[in-house]
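Hello,

Here is the structure I promised to pass on. My notes follow below it.

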Amino acid sequence: MKFPVPQTLRHIASLLNCNYVGADDFPVLGINEIHVVTAGDIVFVDHPKYYDKALNSNATVVLINKKVDCPEGKALLISDDPFRDFNVLTSHFKPFVRSSVSIDPSAKIGDDTHIQPNVYIGPNVQIGKNCLIHANVTIVSDAIVGDNVVIGSGTVLGGDAFYYKNRPEGYDQLLSCGRVVIEDDVHIGSGCTIDRGVTADTTIGQGSKLDNQIQVGHDTVIGKKCLIASQTGIAGCCIIEDEVTIWGQVGTNSGITIGAKAVILGQTGVTKSVAGNTTYFGTPIQESRASLKEMAALRQLPKLLQMLKEK
């Protein structure tokens, strides 16, 4: 998330009431998670295991819980609880906006788009031309919906990311300030849930078609012309490249990549990244022919055991 206007290191430190390393006027342009940071962003880190990754990332400001050597050209914010303070910045620059109307006045809706009854469209949502939004759809703030998009009844675009820190007193949620972006010619079935990015975008690419009851986690990017069948659950931070086909009841680990034109057969568990132009099956996932051969061989085991006994 980029700030509406550039900030200074000193001002950000004053909001967090924390010490800092760097020039008072060091520019701060936004906040982002580690996998999407760019120059000018703040990234947070609260575990020594990830210090080097954060300090060497594209972020130029690191919100960290220990004073360390500051890399050249960067700045540090020293906090006793970076997770908490990241939420403080989210709440300050992107506060939750209450709504008392079904369609927020700031929403922009294109020509020839039809909105069925009981739809909620939040602040700063943009919907393109010639769309059909069926009854009881919820589109949370800042979502972008392209042209010629169909969204089935009961679908929710822009729910919060499933991202928590385990504390002694319970789980603490990392607040979401990202968006959902639905490109042109996408069809989304009924009862789907597509979570917003934590700080960036969850994206469904042009021409992709999603069946009913599909979950897409935060910051996942689905490419163009993908086909995804019912009851598939895609975790956060995944990359599904163009023209991938995913059949029913597939589940994925977070952070994996499925290569272009891959086919994932039903009930497969995508436990790792896989290359494109190949069909996969099974849990853990493997090339489908190998998996089916193993299953066929297993069926022969009783016969082989019986033959051994008879000898």
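**Notes on the two sheets and the surface**

In strand β4, I42 is the bridge partner of I31. That pair belongs to the link between β3 (residues 27-31) and β4 (residues 41-45), which run parallel and are joined by 2 bridges. Please keep in mind that this is a predicted model.

**The 6-stranded sheet**

β3 and β4 sit in an open sheet of 6 strands. The order is β1-β3-β4-β5-β6-β2. Pairing is mixed. Its edge strands are β1 (2-8) and β2 (19-21), and each of them pairs on one side only. From one strand to the next, the twist averages 30 degrees.

Two helices lie across strands of this sheet:

- Helix α1 covers residues 9-16. It lies across β1, β2, β3, β4, β5 (61-64) and β6 (75-78). It runs at about 100 degrees to β1.
- Helix α3 covers residues 82-93. It lies across β1, β3, β4 and β5. Its direction is about 145 degrees to β4.

**The 8-stranded sheet**

There is also an open sheet of 8 strands, with parallel pairing. Read across, the order is β7-β10-β13-β18-β21-β24-β27-β30. β7 (108-109) and β30 (257-258) are the edge strands, each pairing on one side only.

How many bridges join β27 to β30? There are 2, and the strands run parallel. β27 spans residues 239-240. Within this pairing, I240 has I258 of β30 as its bridge partner.

**At the surface**

Which residues make the nonpolar surface patch? They are L298, L301, L304, L305, M307 and L308. The patch is about 600 Å². One of these residues, L298, lies in helix α4, which runs over residues 288-310. Is L298 buried or exposed? L298 counts as exposed because its relative accessibility is 55%, and the cut-off for exposed is over 50%.

N166 lies in strand β16 (residues 164-167). At 57% relative accessibility, N166 also passes that cut-off, so it counts as exposed. The C-alpha atoms of N166 and D201 are separated by 25 Å. Along the chain, these two residues are 35 residues apart.

Over to you.

Methods:
Residues numbered from 1 in each chain as written. Predicted model: local features only at pLDDT ≥ 70, side-chain atom pairs only at ≥ 80, totals over all residues. Heavy atoms only, no water. Pairing = 2+ DSSP bridges. Helix = DSSP H or I, 4+ residues; strand = E, 2+ residues; numbered from the N terminus. Axes fitted to C-alpha atoms, helices over the stretch in contact; angles between N-to-C directions. Contact = heavy atoms within 4.5 Å. Patch = residues over 30% accessible without salt bridge, like charges linked within 9 Å, V, L, I, M, F, W, Y side chains within 5 Å. Areas by Shrake-Rupley, 256 points an atom, 1.4 Å probe, with all protein chains shown as cover. Salt bridge = Lys/Arg side-chain N within 4 Å of Asp/Glu carboxyl O. Buried < 20%, exposed > 50% of the residue type's maximum accessible area, 1.4 Å probe, protein only.
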